Amino acid sequence: MKRISALLIAAFMCMGLLSACQSSELQAYTGKDDTETAKETANKDYTPCFESYDPDEVMMTINGIDVTWRELFYFYHYDVSTLENYYGDITDWDDTAMFDGKKSYRDYVVENGLETVKHYCALESKAEDMGVELSDEARAKIEERWKTNVESYGKGDEEAFIKYLESTFLSKELYDHINEISALYESMRDEMYGTNGDKLEEDEVLQKAKDMGYKRAKHIFLSTYDSEHNKLSEEELAGKKAQLQTMLDELSAIVDPVQLESRLDELAAQNSEDPGLKTFPDGYTFQEGKMDQAFAEAVSDTEENKMYPEVVESSMGYHVILRLPLSTTAAVEFSSEDDYRSLPYYVAESMFGALTDSWADECEVVYSKAYKKMDIAKIFAKAKAIESPDK
């Protein structure tokens, strides 16, 4: 997915964070500590940048929908302020962005903003074509979200919250619009694939999840640290590893997959020190980069319904690992004890994301004269540094 993730964030907050995934390509710069970099970067007032155009100046139309400077600048500001807070002031907009390695800062910010508004407009116009409208329930959720944010960020004062929004260059009108588009995103996805992907066939889910790189495994875990997170003694470590080796030898001798999983469950219940055992009784379903590397590599190197042939040492401790086939009912993530999401949800999300990408790619974009003449570097050169009060 490209920029549609911003819609999902907006569905929960629609605050300064609502476009967080708009900048999802930003990676932590390992060359310097982020905190150190942030300290070296002065806070900035981007108001003069915003004042480069009238807020209602139409910068482009997408599928016949006007995109104003206010909307476009909101996304520009988010990206630029994030970049400068992480990596320091942008002094050469044509320099290659250190987090990207390919695009210049200029291209990254301009293209990122364009992709975001294209996705918003594509979704809005497609919803109109399909006759999808927000339900009363969806509107009630938007209203409830507004009240929650007023309480959290305005201490119950709507005017204070609106002022906070304006400090991020987000008007109440734009706030409402983004929330409505976010709700449309969810409504259209649920209409096509089901609330949790339940309209998809099981075989389709399993194949797509496999293509997405999902794997599932159970394990028995013994920590190599004590309760105060101190490394155990060599003697204690050897004892734990030997304990797991004994279990692994027993499990590896079991041929029947049902008996193998059942026995591993018994041994895990008796011995495992994994705090997630009760939360994820069906094992861990994960993608690359979501688990400890040693654990993930062991799962990848193991056939389904087979034990990894060695005790695995990860950054957390020792494991004996059983790789299992993917399941459409196993939890991938939990929000609470009774609220979890399984593979059908994530497959539906991926499929709908790909669809919205195609809608955005097909958008008809007409740029205004103002947009064509716009120079992002000159605009953000107008930002004024704000000295810390303690200086």
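This is a predicted model: local features need pLDDT of at least 70, side-chain atom pairs count only at pLDDT 80 or more; totals for chains, interfaces and linings use all residues.
Biologist: How do you know that the span of helix α5 agrees with its number of residues?
Modeller: Helix α5 covers residues 105–130, which is 26 residues. The expected span is 1.5 Å times one less than the number of residues. Residues are numbered from 1 along each chain as its sequence is written, and side-chain values use heavy atoms, leaving out hydrogens and water.

Biologist: What makes a stretch a helix or a strand?
Modeller: Both are DSSP runs, numbered from the N terminus: helices are H or I with at least four residues, strands are E with at least two. By that rule the protein has 15 helices and twelve strands.

Biologist: Which residue other than glycine has a phi near 55 degrees?
Modeller: Lys155, and that value is positive. Lys155 sits in the loop between α6 (136–154) and α7 (158–167). Asn63 also has a positive phi, about 50 degrees, although it is not a glycine. Its loop runs between β2 (58–62) and β3 (65–68).

Biologist: Why is Lys155 called exposed?
Modeller: Its relative accessible area is 77%. Exposed means over 50%, buried means under 20%, and partly exposed is in between (1.4 Å probe, protein chains only). Lys155 is therefore exposed. Asn63, at 31%, is partly exposed. Of the 391 residues of the protein, 46% count as buried.

Biologist: What share of contacts joins residues at least 24 apart?
Modeller: A contact means heavy atoms within 4.5 Å. Among contacts between residues at least 6 apart in sequence, 70% join residues at least 24 apart.

Biologist: What makes two rings an aromatic pair?
Modeller: Rings of Phe, Tyr and Trp (its six-membered ring) pair if their centres lie within 6.5 Å; planes under 30 degrees apart count as stacked, over 60 as edge-to-face and the rest as tilted. The count comes to 26 aromatic pairs. Tyr86 and Tyr87 form one of them, with centres 5.9 Å apart and 40 degrees between the planes, which makes the pair tilted.

Biologist: Why is the pair of Tyr367 and Tyr371 called stacked?
Modeller: The ring centres are 4.9 Å apart and the planes are at 15 degrees, so the pair is stacked. Tyr371 is buried at 11% relative accessibility. Tyr367 is partly exposed at 32%.

Biologist: Which residues do ring pairs link into a cluster?
Modeller: Tyr46, Phe50, Tyr53, Trp69, Phe73, Tyr76, Trp93, Phe169 and Phe380.

Biologist: How do you know that Lys172 lies over the face of Trp146?
Modeller: A charge sits over a ring if NZ of Lys or CZ of Arg is within 6 Å of the ring centre and within 35 degrees of the ring normal. Lys172 is 4.3 Å from the ring centre of Trp146 and lies over its face.

Biologist: Why is the contact of Asp89 and Lys44 called a salt bridge?
Modeller: A salt bridge is a side-chain nitrogen of Lys or Arg within 4 Å of a carboxyl oxygen of Asp or Glu. Asp89 and Lys44 meet at 3.6 Å, N to O. Asp89 lies in the loop between α4 (69–87) and α5, and Lys44 in strand β1 (residues 43–45), so the pair ties together parts that are 45 residues apart in sequence. The structure holds 15 salt bridges.

Biologist: Where do the side chains of Arg106 and Asp94 meet, in N to O distance?
Modeller: They form a salt bridge at 2.8 Å, N to O. Arg106 is in helix α5 and Asp94 in the loop between α4 and α5, twelve residues apart, so the pair is said to link distant parts of the chain. Asp94 is exposed at 51%, whereas Arg106, at 22%, is partly exposed.

Biologist: What separates Arg263 and Glu266 in helix α11?
Modeller: About one helical turn, because they are three residues apart in that helix (residues 257–271). Arg263 is partly exposed at 23%, and so is Glu266 at 38%. Elsewhere, salt bridges that share partners join Lys44, Glu84 and Asp89 into one network.
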